[in-house]
Amino acid sequence: MKQYETAPFWETKTLEELNAYEWEALCDGCGLCCLNRLQDEDDDTAPIYLTRVACHCYDIGAGGCSDYANRFERVEGCMRLTAERAAEYTWLPETCAYRLRQQGRALPSWHPLISKDPHSVRPHGMHALNPILESEDIDLEDYIVDNVIGDL
Ligand code: SF4
Ligand code: SF4
């Protein structure tokens, strides 16, 4: 009997249709959403500036949140990404897999689901920006970088 290959879930399902496992697997682990951003607090239409300063809860060496299960309790500004927010959060990098799928676009060849290599994202993620960890001594304004992520 001839066997037919079925298309993978990330191509056939909308974000709303993903189960919990598929939702987590869609994240490419780039860590770019864990970098601090700056915006005029009195003007939510003002430009958002990307910095290369990572959230204090991020493990730069391991390339991931150091306390993912408790991230919302640990860090006040950590936001839960949902299908709806993937459309609203314009500050997410152009390469964010949730953003791409929300726009009906294909995942890049370096996404771990495609490459089957969990480290293939590194040259395209936070590490490309030479990140440093947030601390009390750091003035975020000194670490603003051009938002070139989408061009990587
Ligand atoms: S708490 Fe974890 S997931 Fe949330 S921004 Fe910080 S490092 Fe990223
Ligand atoms: S930017 Fe998107 S794909 Fe990258 S780590 Fe954050 S949620 Fe995952």
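Trainee: Which residues does Cys34 touch, not counting residues up to four places away in sequence?

Mentor: Good place to start! Leaving out residues up to four places away in sequence, Cys34 touches Ala54, Cys55, Tyr58 and Cys65. Keep in mind that this is a predicted model.

Trainee: And which residues touch the most other members in the largest nonpolar core?

Mentor: Cys34 again, along with Leu35, Ala54 and Met126. That core has 13 residues.

Trainee: What gives the most to this core?

Mentor: Strand S2 does, with three residues. There is another core too, lying apart from this one, and it has seven residues, including Leu26, Leu92, Cys96 and Leu100.

Trainee: Why would residues like that gather?

Mentor: As a general point, nonpolar side chains in soluble globular proteins tend to be buried together.

Trainee: Okay, new topic: the ligand. Which residues are around ligand 1?

Mentor: Cys34 shows up here as well, with Cys55, Cys57, Tyr58, Cys65, Arg71, Arg74, Val75 and Cys78.

Trainee: How many of that shell are nonpolar, polar or charged?

Mentor: Seven are nonpolar and two are charged, while no polar residues are found in the shell.

Trainee: Back to the strands. Do S1 and S2 run parallel or antiparallel?

Mentor: Antiparallel: S1, residues 35–38, is joined by three bridges to S2, residues 49–54. As an example, Arg37 has Leu50 in S2 as its bridge partner.

Trainee: How many bridges join S2 to S5?

Mentor: Two, and here the strands run parallel. S5 covers residues 132–133, and its Ile132 stands opposite Val53.

Technical notes. Residues numbered from 1 in each chain as written. Chains lettered and ligands numbered in written order. Predicted model: local features only at pLDDT ≥ 70, side-chain atom pairs only at ≥ 80, totals over all residues. Pairing = 2+ DSSP bridges. Helix = DSSP H or I, 4+ residues; strand = E, 2+ residues; numbered from the N terminus. Near = placed C-beta within 6 Å. Nonpolar A, V, L, I, M, F, W, Y, C, P; charged D, E, K, R; others polar. Core = buried A, V, L, I, M, F, W, Y, C linked by C-beta atoms within 7 Å. Buried ≥ 20, exposed ≤ 12 C-beta atoms within 10 Å, placed from the backbone. Contact = placed C-beta atoms within 7 Å.
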